[in-house]
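Student: I'm new to this one and would like a guided look at it. Can we go through it together?

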Amino acid sequence: MNLYDPNAVEDGRVVVETGAEATGGRRTGFIEIDGNFVLSWDYYCGTASAVGTGALSLVVCFYDENKTFISGLDYHTIAPLKSVLFDDVKRYYWAYTAPVGAKYIRFSYGSTYELTGLFQLELGDAPTAYEEYRQNSHIEIKEEAIPTSF
């Protein structure tokens with residue numbers, strides 16, 4: 001399930017690994033995560049010449065339930081870059097365990113990158129095949145909430 005909404009990206013603002021905000025680039029809003037799980041995000045680089053080598057200037061920041069900054073990473077310190085094939089398409093990815101207490105993530109990247117339709121943020125420890133973001137796709141319906149009689 002892709003948690004990255006390309007329509008919710010703000011141009012001209014970034015977060016840096018200290019949690020501070022600055023001008024330039026692009027940043028996401030707060031994306032809810034489960035801090036007890038490993039996060040993985042990947043992007044397809046086959047047609048994007050700017051990121052054809054897998055390089056991406058990415059900054060990731062983690063926040064608690066009150067959206068207070070916990071910690072941040074830049075692409076040099078996230079984790080080793082890995083790649084995997086899905087239907088003969090090479091996808092690069094990083095996998096990282098969110099810090100204890102993390103409830104939200106925000107990330108920033110350079111304005112020269114266009115990740116619309118290419119980028120995926122998902123929970124887990126390895127990437128899955130790309131799927132488009134679907135609003136409210138993260139809503140879980142508990143079986144006990146469904147009436148069994150009328």
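**The aromatic cluster and its surroundings**

Tutor: Let's start here: one aromatic cluster is formed by Phe30, Tyr63, Phe69 and Tyr104. Keep in mind that this is a predicted model.

Student: Okay, so what kind of aromatic pair do Phe30 and Tyr104 form?

Tutor: A pair of aromatic rings is described by the distance of the centres and the angle of the planes. For Phe30 and Tyr104, the centres are 6.1 Å apart and the planes make an angle of 80°. Planes over 60 degrees apart count as edge-to-face. So the pair of Phe30 and Tyr104, at 80°, is edge-to-face.

Student: How many residues apart are Phe30 and Tyr104?

Tutor: Phe30 is in the loop between β2 (21-27) and β3 (31-32), while Tyr104 belongs to strand β9 (residues 104-109). The pair links distant parts of the chain, and the two residues are 74 residues apart.

Student: Why does the pair of Tyr63 and Phe69 count as edge-to-face?

Tutor: The ring centres of Tyr63 and Phe69 lie 5.9 Å apart, and rings pair if their centres lie within 6.5 Å. Edge-to-face needs planes over 60 degrees apart. The pair of Tyr63 and Phe69 counts as edge-to-face because its planes are at 70°.

Student: Which counts as buried, and at what relative accessibility: Tyr63?

Tutor: Phe69 is partly exposed, with a relative accessible area of 30%. Tyr63 counts as buried, and its relative accessibility is 3%.

Student: Which residue has its charged end over the ring of Phe30?

Tutor: Let's take the two rings in turn. Lys67 lies over the face of Tyr104, 5.1 Å from the ring centre. Over the ring of Phe30, 4.4 Å from its centre, sits the charged end of Arg106.

Student: Stepping back, how many strands does the chain have?

Tutor: Along the sequence the pattern reads β-β-β-β-β-β-β-β-β-β. There are zero helices in the chain, and the number of strands is ten.

Student: And what share of the residues in the chain is buried?

Tutor: The chain has 150 residues, and the accessible surface comes to about 8,600 Å². Carbon and sulfur atoms account for 51% of that surface. Of the 150 residues, the buried share is 36%.

Methods. Residues are numbered from 1 along each chain as its sequence is written. This is a predicted model: local features need pLDDT of at least 70, side-chain atom pairs count only at pLDDT 80 or more; totals for chains, interfaces and linings use all residues. Side-chain values use heavy atoms; hydrogens and water are left out. Helices (H or I, at least four residues) and strands (E, at least two) are DSSP runs, numbered from the N terminus. Buried means under 20% relative accessible area, exposed over 50%, partly exposed in between (1.4 Å probe, protein chains only). Accessible areas come from the Shrake-Rupley method with a 1.4 Å probe; for residues, only the protein chains shown count as cover. Rings of Phe, Tyr and Trp (its six-membered ring) pair if their centres lie within 6.5 Å; planes under 30 degrees apart count as stacked, over 60 as edge-to-face and the rest as tilted. A charge sits over a ring if NZ of Lys or CZ of Arg is within 6 Å of the ring centre and within 35 degrees of the ring normal.
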